[in-house]
Amino acid sequence: MPDPIKTPLRQRPAWQQLTAHHDQIRARTLRELFDRDPERGRRLTREACGVYLDFSKNRITDETLGLLLELAQQSGLRERIDAMFNGEKINITEDRAVLHVALRAPSSQRILVDDIDVVPGVHEVLTRMAEFADKIRDGSWRGHTGRSIKNIVNIGIGGSDLGPVMAYEALRHYSQRELTFRFVSNVDGTDFAEATRDLDPAETLFIISSKTFTTLETMTNAHTARDWCLRTLKDEAAIARHFVAVSTNADAVSAFGIDVMNMFGFWDWVGGRYSMDSAIGLSTMIAIGPDAFGDLLAGFHDMDEHFRAAPFAENLPVIMGLLTVWYSDFFDAQTQAVLPYDQYLKRFPAYLQQLTMESNGKHVTLTGAQVDYDTSPIYWGEPGTNGQHSFYQLIHQGTRLIPADFIGFLHSLNPLGNHHDLLTANVFAQTEALAFGKTPEQVRAEGTPDWLVPHRVFEGNRPSNTLLVDRLTPHALGVLVALYEHSVFVQGTVWSINSFDQWGVELGKVLAKTVADELESTDEPQLAHDSSTNALIRRYRAAR
Ligand code: F6P
């Protein structure tokens, strides 16, 4: 087989066949595909790790699926999956392994990086996290004045915030309700001020979460937290009782003044956007407890094993990843909606934005060649049913194709009357309406006057996946997150890009440092930016 990295995507036979195939089937409708095959709604489904995936309402035929699976093979997906799980340094621009799967590996598993088994280290950190979490939860960890901790404030941003926030909101049902959790990420002072305005420093623990321990927002907020704490507690010794750190950078943690005994580490082979199940999940473990956190890890691991072992035709992340490629590169779909019908998952789309777009928002291949196809779509979404009263008009009757993942649950964690039946009815009804629409004849048959008919027609043929899960548990959340992690991996492999670096975030950070110095300068700075930036800086300085 030709080396996929060296065989440009457009030259892979399956891509060329898909291009011709798309021309043939682009006009076919879901109405017709379902009419022709009464079994379609059952045939184009798969189930794994407690997730039932109905992908029948996609604009594909069996031939499409076959060609997409061939594209995966021709893109070297099998080899790249094995390379990741074997700890090879597939993040070639940073010369790092990509081993978030090791974070949830059972202690019996061996995974080598540079000939060292990393699994014992993972479990050593998990054990320390559990000991600490239990002390916070049972009140035996005492603050500087001898009082227990009631408030936990995670300070972090990006992967050091989005995962902890999403997991806390998703698993509130399982959390220790006597504890208050807050999350500070933005360098905007409002974030810290509002998160701490009603908290007592004597009862507050700060978790400074930062893989690098250099991120401007996080370090600024960490120093503010330190000042906030010492204004009340006065004694530097208080830091040891009210601050812990989660990082890979022990030197920077120590320099900040946090005892490395209060540090929970992780490794450079864990990407920030893949770190919620590392020590970055400390706030999650404190909230739900070590046992439930273990269930979360088990969910991740079960999906890992499915992804690694299941034949591609049965493989949920492979199917979902290939469908995203299909719509992005053959239907020119610019976005992908993720619509969780569970209020606890209200931050799940936001979490997925970094996971997907910081991973696959790339413009060059692994060899450094400019891509000549689209890479990551824009992921977005809101929980249902709220989105229906916001943007579904566009999804149903707009001019853009928006593939959508609907995530539903068979059981609510808060059964109230018929609420869950109504919620779930909307999942099924929306995907049906998107797929099959309403014809002019149907609209007319309702007595709609001719002039109004065009406005009330639904074209349909708008694709969706339906993911149905028993109930939202820590295990189910782990499965869902890993499902999307590996779907991202599949997409990046087909696009021959590096899903695991993030050079695109550097320029803004560097420029911001320069501009910050100019905004803060006591002397009038010599500005050498463009006329717009210079004028903006001058306007801001004039208002100080
Ligand atoms: O957004 C850029 C980024 O480096 C992300 O990849 C990362 O999750 C975030 O900033 C925070 O980085 P750190 O955890 O090192 O503070």
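Reply: Let's start with W326, which counts as buried at 0% relative accessibility (buried is under 20%, exposed over 50%, partly exposed in between, with a 1.4 Å probe and protein chains only). This is a predicted model, where local features need pLDDT of at least 70, side-chain atom pairs need 80 or more, and totals for chains, interfaces and linings use all residues. Residues are numbered from 1 along each chain as its sequence is written, and side-chain values use heavy atoms, leaving out hydrogens and water.

Me: How do I describe a pair of aromatic rings?

Reply: Use the distance of the centres and the angle of the planes. Rings of Phe, Tyr and Trp (its six-membered ring) pair if their centres lie within 6.5 Å; planes under 30 degrees apart are stacked, over 60 edge-to-face, the rest tilted. That rule gives 25 aromatic pairs here. Take Y274 and F500: centres 5.5 Å apart, planes at 50°, so they're tilted.

Me: Where do Y274 and F500 lie?

Reply: Y274 is in the loop between strand 9 (263–265) and helix 12 (282–288), and F500 in the loop between helix 20 (474–494) and helix 21 (506–520), so the pair ties together parts 226 residues apart in sequence. Helices (H or I, at least four residues) and strands (E, at least two) are DSSP runs, numbered from the N terminus.
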